[in-house]
Each structure stands twice: as structure tokens, then as C-alpha cells.
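Hello,

Here is the structure I promised to pass on to you. Please have it open while you read, and my notes on what turned up in it follow below.

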Amino acid sequence: MDNEILLQRLKEVFKVYKDEDLAEKLGLKKTTYSTWKTGGSRPNYELIFDKIEPFSINLHWLLTGEGDMHGKNARAKTEVERAGEHFAEGLKILLSMKSE
């Protein structure tokens, strides 16, 4: 996934327009945010998932841009949506194991 697209979607979630405002919402230093944006490092998905959890964001939308931003889609989940959710959960688990 293109980091810049992910960050743009996060701006939509937090209703901010400036990079520095999003960095603040995520609790990031400007240098960390900048390396995420330029692709110098991968975003910390565990941190992102924790920050967006109160907003009931559809992780499939966040990762792919498909479906509704908030909550689950009204229609039955497709295989792609289920796979995206499993991927996100697996990623969270792997990241938590790495930090231990």
C-alpha cells in the first residue's frame, strides 16, 4: 500500500488537512511522519489501528479505499473484505509479538 494514500485516508478520518495536524493526532514526531509519507519507513499499523478504533473505521476501506469509511458495510461481506480484516488482525498480532 502507498503510504501517502493511507495518510490521506487518515486525514479524512481525523478531519484534518495538514500533515502536521495528522502527525499530532497520531502522536508522532514530524520526522517520523515525514519518513512514513516519503516511504522511508513503514507506518506503525498497530498505532494507527489503536488511534482509529474509537471512530469505528472499516479497516478494509482504510487499507483499500473500497467500501464505506465507517463501520461495516450494510451488504454482506465479500471474501476480499474478510481477507482484509484477517490481514489487519494478523498484522496487529505480528507487530505485538515483535515489540515483546
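**What I found**

At 48% relative accessibility, isoleucine 93 counts as partly exposed. Please keep in mind that this is a predicted model, and that residues are numbered from 1 along the chain.

Isoleucine 93 sits in helix α6, which covers residues 79-98. Together with Leu94 and Met97, Ile93 makes up a nonpolar patch on the surface, and the three share about 320 Å² of accessible area. Residues three or four places apart in an α-helix point the same way, because such a helix has 3.6 residues a turn.

Now for the chain as a whole. You will find 6 helices and 0 strands in it, so the order of elements from the N terminus reads α-α-α-α-α-α. Of the 100 residues in the chain, 33% are buried. The accessible surface comes to about 6,600 Å², and carbon and sulfur atoms account for 53% of that. Among contacts with a separation of 6 or more, 44% are between residues 24 or more positions apart.

Next, the inside. The largest nonpolar core has 23 residues, and those that touch the most other members are Leu10, Phe14, Leu22, Ile48, Phe49, Ile52 and Leu62. Each of α1, α2, α3, α4 (45-52), α5 (59-64) and α6 supplies at least two residues of this core. The most comes from α1, which gives 5 residues.

Leu22 is worth a click. Setting aside residues up to four places away in sequence, leucine 22 touches Leu7, Leu10, Lys11, Phe14, Val16 and Tyr33. In α2, the buried residues are Leu22, Ala23 and Leu26. They lie on the same side of α2, because the arc they cover around the axis is only 105°. These buried residues of α2 pack against α1, α3 and α4. Just after α2 comes glycine 27, with a positive phi of about 75°.

Which charged side chains pair up? Side chains of opposite charge can pair when their charged atoms come close. In this model the count comes to 2 salt bridges. One is between lysine 11 and aspartate 19, at 2.6 Å from N to O. The other joins aspartate 19 and lysine 37, also with 2.6 Å from N to O. Aspartate 19 belongs to helix α2 (residues 19-26) and lysine 37 to helix α3 (residues 30-38), so this pair ties together parts that are 18 residues apart in sequence. Through shared partners, the salt bridges join Lys11, Asp19 and Lys37 into one network.

Lysine 37 is partly exposed, with a relative accessible area of 28%.

Beyond its neighbours within four places in sequence, lysine 11 is in contact with Val16, Tyr17, Lys18, Asp19, Leu22 and Tyr33. Its partner list includes Leu22, and Leu22 is one of the core residues that touch the most other members.

Happy exploring, and best wishes

Technical notes
This is a predicted model: local features need pLDDT of at least 70, side-chain atom pairs count only at pLDDT 80 or more; totals for chains, interfaces and linings use all residues. Side-chain values use heavy atoms; hydrogens and water are left out. A salt bridge is a side-chain nitrogen of Lys or Arg within 4 Å of a carboxyl oxygen of Asp or Glu. Helices (H or I, at least four residues) and strands (E, at least two) are DSSP runs, numbered from the N terminus. Buried means under 20% relative accessible area, exposed over 50%, partly exposed in between (1.4 Å probe, protein chains only). Patches are made of residues with over 30% relative accessible area and no salt bridge: like charges are joined within 9 Å, nonpolar side chains (Val, Leu, Ile, Met, Phe, Trp, Tyr) within 5 Å. Accessible areas come from the Shrake-Rupley method with a 1.4 Å probe; for residues, only the protein chains shown count as cover. Contact means heavy atoms within 4.5 Å. A nonpolar core is a set of buried Ala, Val, Leu, Ile, Met, Phe, Trp, Tyr and Cys residues joined through side-chain atoms within 4.5 Å. The arc is that of the directions from the helix axis to the C-beta atoms.
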